[in-house]
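Please look over the sequence and the structure shown here before reading on.

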Amino acid sequence: RLDLFGDASDEQIDKFNNYINEKGAGQYIFVHKPVGFEAMISIEKSGKVLLFPGRSWIRSEAGFPNKLGEYLATGTPVVGADVGGINGLFTNGIEMFLAKPGDNNEFAEKIAQCLNNHDEAIAVGRNGAFWAKGNIDCKKVASDFLEYMEVRNG
């Protein structure tokens, strides 16, 4: 079962659902209306895997994506494309499962690896949450920024 959440309009959701049904995947793929932050966190924590597909393009070079940080912080294993702002930050199979950008077959293989290896997936989710806590904690970011400013300004 694949559950998709986003900020699409009702019209867009209907369009997605029609397309999914036309392709014969309506019993496997579900597009949901937007939910609030607390509900989304609960959904993310209860999932077996969170998907962060990506492609190499100008927006993927813009920096670390907030959504990926949110995903990692939940402790749920993440499968993602090794694009732009995250390239080089993670080791495949340690903090998250990584696939080459645009390689749909490899992305699918990483999903299967995650779903078929429960103990490995749990460890990767735990390591991802540990990474998130050590690297995107707002207090740490503020402290690092103040330290940078002190060094820069003498």
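## Overall organisation

In this predicted model, residues 24 or more positions apart account for 61% of the contacts with a separation of 6 or more. The protein contains six helices and five strands, and its elements follow the order β-α-β-α-β-α-β-β-α-α-α from the N terminus on. Taken along the principal axes, the box filled by the C-alpha atoms is roughly 65 × 35 × 30 Å. Of the 154 residues, 27% count as buried.

## The N-terminal region

Ala8 is found in the loop between E1 and H1. Leaving out residues up to four places away in sequence, Ala8 touches Ile13, Phe16 and Pro34.

Helix H1 has 13 residues, and the 18 Å from its first C-alpha to its last is close to the 18 Å expected at 1.5 Å a residue. Ile20 lies in this helix and counts as buried because its relative accessibility is 9%, where the cut-off for burial is under 20%. Beyond its neighbours within four places in sequence, Ile20 is in contact with Ala25, Gly26, Ile29 and Val31. H1 is followed by Gly24, which has a positive phi near 75 degrees.

| Pair | Separation in sequence | C-alpha to C-alpha distance |
|---|---|---|
| Ala8 and Ser46 | 38 residues | 22 Å |
| Ile20 and Gly54 | 34 residues | 20 Å |

In soluble globular proteins, nonpolar side chains tend to be buried together. The largest nonpolar core here has 12 residues, among them Leu50, Phe52, Val78, Ile86, Met96 and Ala132. The elements that give two or more residues to this core are E3, H3 and H5, and H3 gives the most, with three residues. A second, separate core of eight residues includes Val49, Val79, Phe107 and Ala121.

Phe90 belongs to the largest core. Apart from its neighbours within four places in sequence, Phe90 is in contact with Phe64, Leu68, Leu72, Glu95, Met96, Leu98 and Trp131. Of these contacts, Leu68, Leu72, Met96, Leu98 and Trp131 are also members of the core.

## Helix H3

The buried residues of H3 are Leu68, Gly69, Tyr71 and Leu72. Seen down the axis of H3, these residues fall within an arc of 160 degrees, so they line one face of the helix. They pack against H2, E3, E4 and H5. Just after H3, Gly75 takes a positive phi of about 85 degrees.

## Helix H4

Helix H4, residues 104-116, has 13 residues and reaches 18 Å from its first C-alpha to its last, close to the 18 Å expected at 1.5 Å a residue. Its buried residues are Glu106, Phe107, Lys110 and Cys114. Viewed down the axis of H4, the buried residues fall within an arc of 105 degrees and therefore line one face of the helix. An α-helix has 3.6 residues a turn, so residues three or four places apart point the same way. What covers the buried residues of H4 includes strands E3, E4 and E5 together with helix H5. On the other side of H4, Asn104, Asn105, Glu109 and Asn116 are exposed.

Is Glu106 buried or exposed? Glu106 is buried, because its relative accessible area is 15%, below the cut-off of 20%. Not counting residues up to four places away in sequence, Glu106 touches Leu98, Ala99 and Lys100. Phe107, also buried in H4, is one of the residues of the second core.

## The largest pocket

The largest pocket has a volume of about 1000 Å³. It is lined by 29 residues, and those closest to its centre are Leu2, Asp3, Leu4, Phe5 and Tyr71. The elements that give two or more residues to the lining are E1, H1, H2, E3, H3 and H4. Which element gives the largest share of the lining? That share, four residues, comes from H2.

Terms used
Residues are numbered from 1 along each chain as its sequence is written. This is a predicted model: local features need pLDDT of at least 70, side-chain atom pairs count only at pLDDT 80 or more; totals for chains, interfaces and linings use all residues. Side-chain values use heavy atoms; hydrogens and water are left out. The expected span of a helix is 1.5 Å times one less than its number of residues. Buried means under 20% relative accessible area, exposed over 50%, partly exposed in between (1.4 Å probe, protein chains only). The arc is that of the directions from the helix axis to the C-beta atoms. Contact means heavy atoms within 4.5 Å. A nonpolar core is a set of buried Ala, Val, Leu, Ile, Met, Phe, Trp, Tyr and Cys residues joined through side-chain atoms within 4.5 Å. On a 1 Å grid over the protein atoms alone, a cavity is a set of points where a 1.4 Å probe fits but cannot get out, and a pocket is an open set with protein on both sides within 12 Å along at least five of seven lines; lining residues have an atom within 4 Å of a point. Grid points are joined across faces, edges and corners, and a volume is the space filled by probe spheres set on the points.
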